[in-house]
Amino acid sequence: MTGSFADVRAHIESRVNSAFQALNPPLEVCFDNTFDTPPGLPYVICLVSYNSTTEPVICRTESNVENLTGNLQLSIYAPRGQGMKDLEEYAAEGMKVMNTMYDWTSPIRVRCGQISGPVPLLNGPEPYALATISCPFSACLD
């Protein structure tokens, strides 16, 4: 499976990053295991995890991974005490990315499933509010 996990992760992360960079103003996106100190608010953390690599074949041609399933989670951080508007708008952008992830023209095809959230976290000692959306995905490489 050399490179297959990285290829799928790169595909997902590049789509998420492009969507949030296209906003005005753009939102910084942090990825798994790439930062020690969070950036200034608002920002997004993109988490990609893998559940299984032994599912039935769904790809048209042979590849290192026949079918890879996982979960995509976007955690959106914004200043606390300013209402839900920004969190919900950023979550909606994340949902658009999840809903448009599949691309027939790409050698890496990721199909996202049902989206959960946005689930808000608005209490606690932190100076931020948080909303999380997530979805399962299935990916194959041609």
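Author: A nonpolar core is a set of buried Ala, Val, Leu, Ile, Met, Phe, Trp, Tyr and Cys residues joined through side-chain atoms within 4.5 Å. Buried stands for under 20% relative accessible area, exposed for over 50%, and partly exposed for the range in between (1.4 Å probe, protein chains only). The model is predicted, hence local features need pLDDT of at least 70 and side-chain atom pairs count only at pLDDT 80 or more, whereas totals for chains, interfaces and linings use all residues. Residues are numbered from 1 along each chain as its sequence is written, and side-chain values use heavy atoms, with hydrogens and water left out.

Reader: In what order do the elements of the protein run from the N terminus on?

Author: Helices (H or I, at least four residues) and strands (E, at least two) are DSSP runs, numbered from the N terminus. On that basis the protein has 2 helices and 6 strands. From the N terminus on, the order is α-β-β-β-α-β-β-β.

Reader: Among contacts in the protein between residues at least 6 apart in sequence, what share joins residues at least 24 apart?

Author: A contact is counted when heavy atoms lie within 4.5 Å. Among contacts between residues at least 6 apart in sequence, the share that joins residues at least 24 apart is 63%.

Reader: Which element gives the most to the largest nonpolar core?

Author: This core has 33 residues, of which Val8, Ile12, Phe20, Leu72, Leu74 and Phe137 touch the most other members. Two or more residues come from each of helix 1, strand 1 (28-31), strand 2 (43-52), strand 3 (68-79), helix 2 (85-99), strand 4 (108-112) and strand 6 (128-141). A second, separate core of 5 residues includes Tyr43, Ile45, Tyr77 and Leu130.

Reader: What distance does helix 1 reach from its first C-alpha to its last?

Author: The expected span of a helix is 1.5 Å times one less than its number of residues. Helix 1 covers residues 4-21, 18 residues, and its expected span is 26 Å. Its buried residues are Ser4, Val8, His11, Ile12, Glu13, Val16, Ala19 and Phe20. From first C-alpha to last, helix 1 reaches 26 Å.

Reader: Which residues does Asn17 touch, not counting residues up to four places away in sequence?

Author: Asn17 is found in helix 1 and is partly exposed because its relative accessible area is 26%. Asn17 and Glu28 are 11 residues apart in sequence and 7.9 Å apart in space, C-alpha to C-alpha. Not counting residues up to four places away in sequence, Asn17 touches Val29 and Phe31.

Reader: Is Ser134 buried or exposed?

Author: Ser134 is found in strand 6. Not counting residues up to four places away in sequence, Ser134 touches Asn71, Leu72, Gln73, Met98, Gln114, Ile115 and Ser116. Because its relative accessibility is 18%, Ser134 counts as buried.

Reader: What is the angle between the planes of Tyr50 and Phe137?

Author: Rings of Phe, Tyr and Trp (its six-membered ring) pair if their centres lie within 6.5 Å; planes under 30 degrees apart count as stacked, over 60 as edge-to-face and the rest as tilted. The count by this rule is 5 aromatic pairs. The edge-to-face pair of Tyr50 and Phe137 has its centres 6.3 Å apart, and the angle between the planes is 85 degrees.

Reader: Which residues form one aromatic cluster with Tyr50?

Author: Tyr50 in strand 2 and Phe137 in strand 6 are 87 residues apart. Tyr50 is partly exposed because its relative accessibility is 23%, while Phe137 is buried, at 4%. The residues that form one aromatic cluster with Tyr50 are Phe5 and Phe137.

Reader: Which residue lies over the face of Tyr102?

Author: A charge sits over a ring if NZ of Lys or CZ of Arg is within 6 Å of the ring centre and within 35 degrees of the ring normal. Tyr102 is partly exposed at 24% relative accessibility. At 3.9 Å from the ring centre, the residue over the face of Tyr102 is Arg111.

Reader: What is omega for the cis peptide bond that joins Gly117 and Pro118?

Author: Most peptide bonds are trans. The bond from Leu41 to Pro42 is cis, with omega near -10 degrees, and Pro42 is placed in the loop between strand 1 and strand 2. Pro118 is in strand 5 (residues 116-121). For the cis bond that joins Gly117 and Pro118, omega is about 10 degrees.
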